[in-house]
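Please look over the notes below alongside the model.

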Amino acid sequence: MPKVLISDKMDPRAAQIFRDRGVEVDEITGKTPEELIAIIGQYDGLAIRSSTKVTKAILDAATNLKVIGRAGIGVDNVDIPYASAKGVVVMNTPFGNSITTAEHAIALMFALARQLPEADASTQAGKWEKNRFMGVEVTGKTLGLIGAGNIGSIVASRALGLKMKVAAFDPFLTPERAIEIGVEKVTLDDLLAKADFITLHTPLTDQTRNILSRENLAKTKPGVRIINCARGGLIDEAALKEGLESGHIAGAALDVFAVEPAKENPLFGTPNFISTPHLGASTDEAQVNVALQVAEQLSDYLLEGGVTNALNMPSLSAEEAPKLKPYMALAEKLGSLLGQLEGDKVQGIAIEVEGHAAELNQKPITAAVLAGLMRAYSDTVNMVNAPYLAKERGLDVREVRHDREGAYQTLVRVTVQTPSGERSIAGTLFGPEQPRLVELFGIKVEADLAGNMLYIVNQDAPGFIGRIGTALGTAEVNIGTFHLGRRNQGGEAVLLLSVDGTVTEPLLWDICKLDGVKTVKLLRFG
Ligand SMILES: NC(=O)c1ccc[n+]([C@@H]2O[C@H](COP(=O)([O-])OP(=O)(O)OC[C@H]3O[C@@H](n4cnc5c(N)ncnc54)[C@H](O)[C@@H]3O)[C@@H](O)[C@H]2O)c1
Ligand SMILES: O=C(O)[C@H](O)COP(=O)(O)O
């Protein structure tokens, strides 16, 4: 039974789903990194929100970890490149809290427009300062949206409902999508110049870090009000404070901070500044959504191999996973055969699919070929990290999908480029889940790739098979299966034998010395 740790506070329904699906679950929240390191080794899955920082040290200690699920959107608390290198899938729940966060941004916009927190504090202090709190209407004002993805577009729809104009800066927003969501697509400078309110909805990346820098804040319209419910680090907090103090910025509301938890922050106490403690996703509805989703996603992966909303692996629905499973087994075996025969000589690889295989998601097939190939020289490689390791090695990977009907109902062909030229092998599925090699370097064969096998290239000649049988028999090595193929009569032939018992180095040498033998190699398949 796989075992999952929930390490951040989550709706209790998450734990219930794990149990109902047959996954053991522990809820241990509020641990220090050291405490987490001490226990993480026993878990196959980790369910988190934003508090748990999944660092290199945690991942190094997580020797059984297969998947991390973020009940929420932002995954900047997870070292994704390192998780990928370790073969750990990282998933999030990209839509579960979008409405809630968009509503928080709108709430903060109103709080700024009418100075609600200050008015509340003053009233409850018995001051009744009716003339102090003069607000602004939002109707007819321009809302500048930085980032028009899931949350940004929901904010836009709410703002349009409030009769605001919405101008959006988002380099990835197409003109068609801008029309669809009713916003004007503008440059950042345009937005800064015309927005009465600015709201941020981008992830924190190298491009967005400090997007509201001192220089850009200076370009904003006098009296602008700024809202950030996305990520700390998008705004220069010191420059924001100065802008508020000078009056150029009429108000700012931050839900997120450069350093969290923000126990101390230079902005605290600044006039017209409102803060909430990263509450964007904190509604009953959103927390139920993300908790249920993360528990289902992690269970799907751990129990069935289904991959949803992964950030470092192609998606694979729980429905698709069983169809792809035999193909991934075939692909892994083909990759493994080439890895064992060609090893680190491989410079490029092409994975072609035809027939039934061409109707499926090709990414997992490719990942399985790469994992099999690279396992020849790395035992930590798996389907998650194989594409990354291949890229790191500078391996040129090509995927080809053929519509044509070939001799087989379904076929996966793998061709590697090596300094001595191209080498190609192909496999199919028999009946309907049995991986079978059907072509080996241009020679038709029909072989299961399983257990210990001997690969022998020889000159086709009478009596050769008898001599191999005698050599193995003398060494008390039993032949399990026997597959033979040849280019033409008397030409090059390939022999694939599955063997029981140990094939020693001296035995390999004895076979090597037999008349007509060109190559002998011991292969192992899992
Ligand atoms: N405060 C909270 O509790 C809370 C809750 C949920 C999400 N978030 C955060 O909100 C942010 C947005 O979430 P989302 O679901 O809308 O993400 P999303 O991926 O759907 O949208 C992000 C948008 O930012 C755009 N973008 C990327 N780089 C940009 C750049 N350089 N300039 C302008 N736009 C750029 C993208 O094109 C995309 O449209 C994320 O950072 C997420 O972590 C915060
Ligand atoms: O990215 C998110 O989903 C939000 O930042 C929510 O974070 P939380 O789950 O810690 O509230």
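1. How far apart are the end C-alpha atoms of helix H14 (residues 362–374)? They are 18 Å apart, which agrees with the 18 Å that 13 residues should span at 1.5 Å a residue. The expected span is 1.5 Å times one less than the number of residues. Helices are DSSP runs (H or I, at least four residues) and strands are E runs of at least two, numbered from the N terminus.

2. This is a predicted model: local features need pLDDT of at least 70, side-chain atom pairs count only at pLDDT 80 or more, and totals for chains, interfaces and linings use all residues. Residues are numbered from 1 along each chain as its sequence is written, with chains lettered from A and ligands numbered from 1 in the order written.

3. H14 is mostly covered, with twelve of its 13 residues buried (20 or more other C-beta atoms within 10 Å of the residue's own, placed from the backbone). Among them are Gln 362, Pro 364 and Met 374. The cover includes helices H13 (320–342) and H15 (386–392). Strands S13 (348–355), S14 (396–401) and S15 (410–418) also contribute.

4. The domain assignment, automatic or from a database, gives domain 1 (3–96 + 285–304), domain 2 (98–275), domain 3 (314–441) and domain 4 (449–526). The C-alpha centres of domain 1 and domain 2 lie 32 Å apart. Six residues of domain 1 are in contact with six of domain 2 (C-beta atoms, placed from the backbone, within 7 Å).

Definitions and conventions
Two residues are in contact if their C-beta atoms, placed from the backbone, lie within 7 Å.
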